[in-house]
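This note sets out points for a colleague who wishes to work with the coordinates shown below.

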Amino acid sequence: MATPRCLCDATRHFLSRLGCQASRQSLPTWSSCSVQYRPAARQLRLYASNLRPYKGGNKGGNKAVPSEDPDDKDRGYDRRFTTQRDIEKSGRDRPPWDHEITDPQIMVIDNGSAEGPLSTRYVLTKLEPGESLRMVTPYVPADDEEGTPARFAVCKIVNKKDEYERQKALKERKKVGAAAKAKTKEMELTWAIGGHDLATKMRQMGGFLEKGMKVELLVGKKKGGRAVDAEEAKEVLKKVKEEIERVGARESKKAEGQVGGTMRLYLEGVKR
């Protein structure tokens, strides 16, 4: 017995053995069978421009799972949409990527042009190998009081390798920039400071300058403290100058004020 070619032929063969001529004649032929097999064609990534914007809410069987978080109740929109607050609550230090994106529809940036709103599942099926869908801006709900409509999340299609290299270069630039920007320490002392305390302050200042940091040193009179003569004040300034010279630092700009009064020195360490 020959193998039947489709369900219609199989049924016709079975009925012919039972002698049912009418049933045999009423059955469709192979050429009229509605099932057609076509070779799978490579689909181009062309997004439909006539998609209707998503109105929000749950439709049909796409029911959102009830949330145990009391803050999620009465959100007024489909909880699958990802807001900035959702990102903060997720524990991630970035917005969602690829299948982490639960938004039903999104705006998509591909090669600089924005399209949408588009079905997130549809966009994910159109990604080429090595590409990734990254959320850039989260969903913003509508505000009835302000009269502003909802704004879909904006996502961008990136090349994974190129994006990795870009992020790596960005981190390096930030690291270099942070290292180049010297920290500034502010220190204060009085003209009437004792010898032991002055030595301690100078060690601290010298330590900062040796690390390449900037120091703003304010020297002044202590309210209610003892009076200091000019020679004693000059001796304090001399100790400061000696410490600056010892660590190889310099004054970044001219000192302000006068000896014995209120004086501010701007010092800068040398990176080693």
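1. For the sheets described here, two strands count as paired if DSSP finds at least two bridges between them. The model is a predicted one. On this basis four strands make up an open sheet with the order 5-6-8-7 and mixed pairing. Its edges are strand 5 (184-190) and strand 7 (250-257), each of which pairs on one side only. On average, neighbouring strands of this sheet are turned by 15 degrees against each other, direction ignored.

2. Within that sheet, strand 6 (residues 214-220) and strand 8 (residues 263-268) run antiparallel and are joined by six bridges. Glu 216 has Tyr 266 of strand 8 opposite to it.

3. Which residues does Ala 255 touch, not counting those up to four places away in sequence? They are Met 263, Arg 264 and Leu 265. Ala 255 itself belongs to strand 7.

4. Helix 6 (residues 195-210) lies across strand 5, strand 6 and strand 8, and runs at about 165 degrees to strand 5. Helix 7 (residues 230-246) lies across strand 5, strand 6, strand 7 and strand 8, and runs at about 10 degrees to strand 8.

5. Another open sheet of four strands has the order 2-1-4-3, also with mixed pairing. Strand 2 and strand 3 each have a single partner strand, so one side of each is left without a neighbour in the sheet. Neighbouring strands here are turned by 35 degrees against each other on average, direction ignored. Strand 3 pairs with strand 4 in the antiparallel sense over six bridges, and Ser 132 stands opposite Val 158 in strand 4.

6. The largest pocket has a volume of about 410 Å³. It is lined by 15 residues, of which Trp 97, Arg 134, Glu 163, Arg 166 and Gln 167 are the closest to its centre. Strand 3 (131-137), strand 4 (154-159) and helix 5 (160-180) are the elements that give two or more residues to the lining. Which element gives the most to this lining? Helix 5 does, with seven residues. By class, the lining of the largest pocket holds six nonpolar residues, one polar and eight charged.

7. Two backbone features deserve a check. Most residues other than glycine have a negative phi, and most peptide bonds are trans. Gly 116 and Pro 117, however, are joined by a cis peptide bond with omega of about 5 degrees; Pro 117 is placed in strand 2 (residues 113-119). Asp 98 has a positive phi, near 45 degrees, and is placed in the loop between helix 3 (84-90) and strand 1 (105-110).

8. On confidence, the protein has a mean pLDDT of 77, and 70% of its residues reach 70 or more. Over residues 20-68 pLDDT stays under 50. For that stretch the model has 59 contacts beyond four places in sequence. Where pLDDT is low, the predicted coordinates should not be read in detail.

Conventions: Residues are numbered from 1 along each chain as its sequence is written. This is a predicted model: local features need pLDDT of at least 70, side-chain atom pairs count only at pLDDT 80 or more; totals for chains, interfaces and linings use all residues. Side-chain values use heavy atoms; hydrogens and water are left out. Axes are lines fitted to C-alpha atoms, for helices over the stretch in contact, and angles run from 0 to 180 degrees between N-to-C directions. Contact means heavy atoms within 4.5 Å. On a 1 Å grid over the protein atoms alone, a cavity is a set of points where a 1.4 Å probe fits but cannot get out, and a pocket is an open set with protein on both sides within 12 Å along at least five of seven lines; lining residues have an atom within 4 Å of a point. Grid points are joined across faces, edges and corners, and a volume is the space filled by probe spheres set on the points. Ala, Val, Leu, Ile, Met, Phe, Trp, Tyr, Cys and Pro count as nonpolar, Asp, Glu, Lys and Arg as charged, and the others, Gly among them, as polar. pLDDT is the predictor's confidence in each residue, from 0 to 100.
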